[in-house]
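Have your viewer ready and follow along one selection at a time. Each stop says what to pick and what to look for.

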Amino acid sequence: MNSLMTMSIVMRTGSFAAAARELGYTPSAVSQQMAALERSVGIRLFDREPRSVLPTEAAHYVRQRSEQVIDLLGQLEIDLARLGAGETGRLRVGTFDSAGGPILGQAMARFLIRRREVEITLDEGEPYELFPRVADGSLDLALGFQYDLVPREFPANLRLTEVMTEDLRIVAPRKHRLSGKETVRLEELRGETWVAHREETPSHHCLQALCAGSGFRPEIAFRSNNVGTVKGIVAAGLAVAMIPDIGYRADEEDVVALPVADRMPRRQIVAATRIDDANPLTAGFLDAMRRVALP
């Protein structure tokens with residue numbers, strides 16, 4: 001295809017020497033390239049004159065037929081350069097439920113300000129569902145979390161970048177027997193009914209380890225991975241719960257964070273990418289997320 005582009009320039013400039021100056025080649029290199037093209041197609045493309053070359057009818061035909069392809073290749077080179085610069089392309093992102101609005105929505109808006117031609121696809125799930133998809137290449141990046149007190153098991157080919165660290169809170173109905181106290185010990189929650197995340201989640205394992213450290217096992221009656229559902233059950237006076245700071249607002253009417261005196265574990269929100277990730281958009285999106293999480 002490079003020979004066709006060279007032929008087009010030779011026809012436009014009228015000589016091998018002029019084409020060579022434009023291409024940065026020697027006249028001899030251009031002449032040899034055109035001779036090789038003529039041998040490969042078995043047709044004479046140029047009549048050689050002492051100071052110029054004249055394209056044959058065959059050359060005009062070849063140029064006409066190849067013009068659209070050459071234009072497409074030129075546009076492809078431009079598109080590839082923009083792709084390499086992170087100005088276009090597609091980014092496949094995964095996230096967990098409670099981070100979708102506070103982090104992902106704002107990060108996407110910030111990221112797309114100067115990248116209007118970038119396509120972002122978004123999928124939702126738990127880290128144990130999303131991180132393997134990053135590892136196998138079906139996602140470019142996934143937002144997830146890891147809890148203190150819980151062993152961390154992720155695919156070996158992933159790189160985890162911390163986006164932010166947040167506190168975990170014990171929340172209760174506003175009229176709960178402990179809500180008016182200045183401090184609350186975890187052991188005072190022995191016998192309480194709990195709403196927690198599903199058993200396979202790090203949140204569940206963290207709660208189990210936290211309560212075990214205070215000498216009891218939480219009595220879990222309800223399970224949901226949706227923070228809104230968890231708080232709704234708490235607000236109805238049916239249970240207490242442990243939720244991350246991102247899911248709590250101090251001005252909520254029916255839910256209050258208990259002033260726990262014990263040292264509470266924390267949750268790290270992390271972004272998983274492949275160690276050998278080749279998508280030039282990933283780094284810019286990571287930066288946008290961190291700027292949103294840590295303004």
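Buried means under 20% relative accessible area, exposed means over 50%, and partly exposed lies in between, using a 1.4 Å probe and protein chains only. This is a predicted model, in which local features need pLDDT of at least 70 and side-chain atom pairs count only at pLDDT 80 or more, while totals for chains, interfaces and linings use all residues. Residues are numbered from 1 along each chain as its sequence is written, and side-chain values use heavy atoms, with hydrogens and water left out.

**The cysteines**

Start by selecting Cys-206, which counts as buried at 0% relative accessibility. A search of the whole structure finds 0 disulfides.

**The aromatic pairs**

Next, show the rings. Rings of Phe, Tyr and Trp (its six-membered ring) pair if their centres lie within 6.5 Å; planes under 30 degrees apart are stacked, over 60 edge-to-face, and the rest tilted. How many aromatic pairs does the structure hold? There are 5.

Select Phe-16 and Phe-46, an edge-to-face pair with 6.0 Å centre to centre and 80° between the planes. This pair links distant parts of the chain, with Phe-16 in helix H2 (residues 16–23) and Phe-46 in strand S1 (residues 46–48), 30 residues apart. Helices (H or I, at least four residues) and strands (E, at least two) are DSSP runs, numbered from the N terminus. Both Phe-16 and Phe-46 are buried.

Move on to Phe-111 and Phe-285, an edge-to-face pair at 5.3 Å centre to centre, with 80° between the planes. Here helix H5 (residues 100–112) supplies Phe-111 and helix H9 (residues 282–293) supplies Phe-285, 174 residues apart. Phe-111 and Phe-285 are both buried.

Now pick Phe-96, Phe-145 and Tyr-147, which ring pairs link into a cluster.

**Last stop: Gln-146**

Finish on Gln-146 in strand S5 (residues 141–147). Gln-146 is buried, with a relative accessible area of 11%. Beyond its neighbours within four places in sequence, its contacts (heavy atoms within 4.5 Å) include Arg-152, Phe-154, Leu-160 and Arg-267.

Conventions. Disulfide = S-S within 2.5 Å.
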